[in-house]
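Dear colleague,

Please find the structure below, together with its sequence. I would be grateful if you could read the notes that follow alongside it.

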Amino acid sequence: MALLLDTARSQTHPIRVHHVVGRDINSVDTALPSQRASRLHASFIWADQRWMIKDLSRNGTWLRGKRMPSGASLPISAGDELRFGGSDDGVWRFVDDAPPQSLLLGLSSQTEDMELSSFLILPNEDEPTHIISFQAQQACWMCQELDERLQPASESVLKHGEIITCGDTRWRVFLADSTDVTEVVDVDEGGLEDLEFVFDLSLDEENTALKLNHDSRSVNLGERSHHYLLLHLARQRALEAMDGLDAKNQGWLDTEQLAKDLGVEMTHINIMIFRARKQIAQALVGKVNSEFLVERGRGRVRCGFPRFRIYKGEELTYRLPLAEAASAQDT
């Protein structure tokens, strides 16, 4: 993540893909205190895997001790020193030239900054109040606020600069992209129908491993407790498919019955769902939207993935689609 250091105030500022500095606090990403600085003084631009700085000013921008030609764009690297508005003005330093990174910036000394990964549970996985996920098809970050039962209560697009509050903890949203893009773009992200879930269940049903097949790629997700939840829902869907129930209606399970089957409270089941979504989102970044991994209805849930195989020991016990059962092969 690129950072700009104001050495006079010992303050660092993360840099966006297109980042403007200047005196006009309402129009720039980082305000310059010098009266010699222009309203829009200079811009930092990430392009072709490197950082450039462009002078926009009247009084000049000094890079590495030399005044830049007016209106010029020059490469800038970590360690380079800058002065805005005059050679005797305060020194700024470009302390990191890594690619831009979206973040949650902690608003207290006790709150750490957090990288905005493809799926984030706030404030933690054990007591979640917010779920943040990146939707590649809309090219935006979505934030779900959860109610006391850990059900989604509201959903909104994250905006640069907005505040997220979780109890006494607060973060400011820092989006590296300079614009809030919400239109559909050309990306690879697909639905869960593009995945095949392959479960490996021990004979005593104490251990459940999961592997995902996507195109020609296979991703081993190992053994996790939330894999058994997904397997249980998948098995229910397969049983009802074998009984002839149509795809739209098969697999729905009452939440109270699900909690009874698994021997845990529904709040814990919701936490397992979040953990499963997170693991899949991080394993296949930008490839699959895990939002509907478990579909929800009023008082009921079902597995949202229509392609799976379930092995118990060495035996293939269930699978969807049913039409392929006769040609099933181990992978």
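The notes below cover a sheet, the helices and a cavity.

This is a predicted model, in which local features need pLDDT of at least 70 and side-chain atom pairs count only at pLDDT 80 or more, while totals for chains, interfaces and linings use all residues. Residues are numbered from 1 along each chain as its sequence is written, and side-chain values use heavy atoms, with hydrogens and water left out.

Helices (H or I, at least four residues) and strands (E, at least two) are DSSP runs numbered from the N terminus. Two strands are called paired if DSSP finds at least two bridges between them.

An open sheet is formed by 5 strands in the order 22-21-20-26-27, with mixed pairing. Strand 22 (217-223) and strand 27 (315-320) stand at its edges with a single partner strand each, so one side of each has no neighbour in the sheet. On average, neighbouring strands of this sheet are turned by 15 degrees against each other, direction ignored; axes are lines fitted to C-alpha atoms, for helices over the stretch in contact, and angles run from 0 to 180 degrees between N-to-C directions. Strand 20 (residues 195-201) pairs with strand 26 (residues 308-312) in the parallel sense over 5 bridges, and F197 stands opposite F308 in strand 26.

Two helices pack on this sheet, where contact means heavy atoms within 4.5 Å. Helix 1 (residues 225-242) touches strands 20, 21 (208-214), 22, 26 and 27, and its direction makes about 70 degrees with that of strand 27. Helix 3 (residues 266-283) touches strands 20, 21 and 22, and its direction makes about 145 degrees with that of strand 22.

Helix 2 (residues 255-262) packs against helix 3 at an angle of about 85 degrees, with the axes 9 Å apart. That makes helix 2 roughly perpendicular to helix 3 (65 to 115 degrees). In this contact T255, L258, A259 and L262 of helix 2 meet M266, I269 and M272 of helix 3.

The structure holds 1 cavity of 30 Å³ or more, a cavity being a set of points on a 1 Å grid over the protein atoms alone where a 1.4 Å probe fits but cannot get out. The largest cavity has about 30 Å³ of space, the volume being that filled by probe spheres set on the points. Its lining residues (an atom within 4 Å of a point) include I131, C143, R277 and E291.

Yours sincerely

Notes. On a 1 Å grid over the protein atoms alone, a cavity is a set of points where a 1.4 Å probe fits but cannot get out, and a pocket is an open set with protein on both sides within 12 Å along at least five of seven lines; lining residues have an atom within 4 Å of a point. Angles under 35 degrees count as roughly parallel, over 145 as roughly antiparallel, 65 to 115 as roughly perpendicular and the rest as oblique.
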